[in-house]
Amino acid sequence: MRLILFLILFSLMPLNAAILLSDKIQEDFSIEYFYDDSKLLLIDDIEKVKFTETLSNQFTKGYREGTAWFKLEVHNQSNHEDFILYFTEPFWSALDFYDKHESGWQIQKNGLNIPLEKREINDNVPAFRMHIKPGKMRTYYLRGETISGHIGAFKIFTASEYFRPSRFSLSDFYILYAAVLLVIAILNTYSFVVTRNRVYAYYIGYIVTFIVFTCMKSTSYLRAGVPGWDEGLHTVGAILVAFLALFSGRFLDLHKHMPTIDTVFKTSILIFFIFAGLIALNFPYSSFIFNIYSSFFFALLLYVAIKMWQSGHVTARYYLIALIIYMPTMGLMTMTFNGLIDNTNFSRYAFLGGSFIEIIFFTLILAYKFREIDAQKIAAQEQLIEEKHKNEQRLASEIEKQIHDLKITNEKLLKQAEELEETKKQLTIEASTDALTSLHNRRYFCKTADNNFSTAKRYNQHLSVMMIDIDNFKTFNDIYGHAVGDMVIQSAAQLLKTTLRESDVIARYGGEEFVVLLHETDLDEALSLSERIRENAAKEELLLEHAEEIHFSFSIGVTQMDRSRDNTVEEVIKRADKAMYEAKRKGKNFVASL
């Protein structure tokens, strides 16, 4: 009786039965699993470990930082000797296959860290060769590491079936999927070129990013010679959500209807791009925090779509339908990756169907919107043509009358234009000329000096500035009166005009001060010219009434532009002014330089 009970209980206990190989594809079997959170155990250690956890060949264990070890006991009951162990998830950074022989362990390395040319089988999806003679049993181990979820599905093919040219693989499906999305992106590009509406640009960005996302997910980009990127899937995923937010905000016209929410959307877009950068840099917990934040954002997106639909926004209804289709499938994938639900073909790949339906749905809505915009343009053009015909008839009757009026008006305007031009010339001269000396005034000098300064710096030319002050000018006004003071200023101005060159810009800077801009003149040349001016001034004689003679002298400050240090011409003028005060301090009738 006890023996019978033991046999019954034993028959009910789960057994780690061997995988029985046949001529068919093995898609439903059990594997043994061991989790090494230390990431330190080697194959010789693992061989001694008792595997206590059994998984389905299609499994998920959620996000784990340690190493996953798999044990497969295989019994070949077929007539074949060569088989291929295939793993559906190519984004594992490392997936190594261990096969023990008399000479030791033979290792086939795979995963994102291994270039295609160094893999035993040149496939972007992990695949391993198994050689088992008919009727024999073998035990294999696999070691896996990933920053993504411990998720995937093992399948076993006969070698002839795996390498069959007409076999349609998961990678082929991803490529076909991306090709269809590319066609949709091209169609929307045409709509964007015609309408110049940014909603199409954001939608194109969303589709193209989704294409890149599928390439990252299937690692088909490895075939282009690009090295594997562990963080690529999550990085592009963050960018994908950012483009979805850009498109959604524009599609729902949030800037018009919900400006506060629009600000939240724009802030979230920036945050998603920041997350993409942090994930790309493998910043700790960045993927985990991104998943939490994006979950809240999708909840907000659903709320916004519902509110916009309730407020009467026409296209919000269709957007909400697409979102209701899309979000559950993405939620299934997220829960599968986190180990919250079993890994099945539906929970794992439903997001592809949901995303495709969403994209097709949005494309149809945007195509309708494009036709609507195009119809509005045509109607507007027809209305404009009709109004044009009416206006032509109405205007024709007025043109003859206006032509006569215009001739008379034109004659008056021509006469007024001539008078205005003459007045303009006179005003221009008066605006830039000092009335007392007929020299340029300070305003004209500053504008001209600034232009010349820029030219001199650009073409590496010399430029010097001379600041001149009449010594003891107040004495002339106090003793002889302002009329004599004006005569002294006029005489000084005339002396400067006759002494300086035509290319030099001379201006009355203020009161008894004059300033001179010397083109293509270095400091030595400027000093020589200043000394000549000072000497000529000392020789000048002014004859007053009663045959009384008076004399005046100049204090002159000179400097030249420092092309490496001076940023504005005002700096040069200030330095010349400072040098002039230095000449005053040294006794006047003097030339000083800085």
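This is a predicted model: local features need pLDDT of at least 70, side-chain atom pairs count only at pLDDT 80 or more; totals for chains, interfaces and linings use all residues.
Residues are numbered from 1 along each chain as its sequence is written, and side-chain values use heavy atoms, with hydrogens and water left out.

**Stop 1: helices 8 and 9**

Select residues 259-280 for helix 8 and 286-310 for helix 9. (Helices are DSSP runs of H or I, at least four residues, numbered from the N terminus.) The two pack at about 155°, with axes 11 Å apart; axes are lines fitted to C-alpha atoms over the stretch in contact, and angles run from 0 to 180 degrees between N-to-C directions. That makes the pair roughly antiparallel, the word for angles over 145 degrees. Their crossing is left-handed, meaning the near helix is turned anticlockwise from the far one by less than a right angle.

Now show side chains. (Ala, Val, Leu, Ile, Met, Phe, Trp, Tyr, Cys and Pro count as nonpolar; Asp, Glu, Lys and Arg as charged; the others, Gly among them, as polar.)

**Stop 2: helices 6 and 9**

The crossing is left-handed. Look for H234, G237, A238, V241, L244, A245 and S248 on helix 6, against S287, F290, F297, F298 and L301 on helix 9. The count is eight nonpolar, four polar and no charged residues.

**Stop 3: helices 9 and 10**

Next, pick residues 314-337, helix 10, which packs on helix 9 at about 150° with the axes 8 Å apart. These two are therefore roughly antiparallel. Colour F298, L301, L302, A305, I306, M308 and W309 on helix 9, then A316, R317, Y319, L320, L323, Y326 and M327 on helix 10. By class, that gives 13 nonpolar, no polar and one charged residues.

**Stop 4: a cavity**

Finally, select F91, L112, M216, T219, Y221, W229, D230 and L233, which line the second largest cavity. Its lining has six nonpolar, one polar and one charged residues. (On a 1 Å grid over the protein atoms alone, a cavity is a set of points where a 1.4 Å probe fits but cannot get out; lining residues have an atom within 4 Å of a point.)

Notes. Angles under 35 degrees count as roughly parallel, over 145 as roughly antiparallel, 65 to 115 as roughly perpendicular and the rest as oblique. Contact means heavy atoms within 4.5 Å. On a 1 Å grid over the protein atoms alone, a cavity is a set of points where a 1.4 Å probe fits but cannot get out, and a pocket is an open set with protein on both sides within 12 Å along at least five of seven lines; lining residues have an atom within 4 Å of a point.
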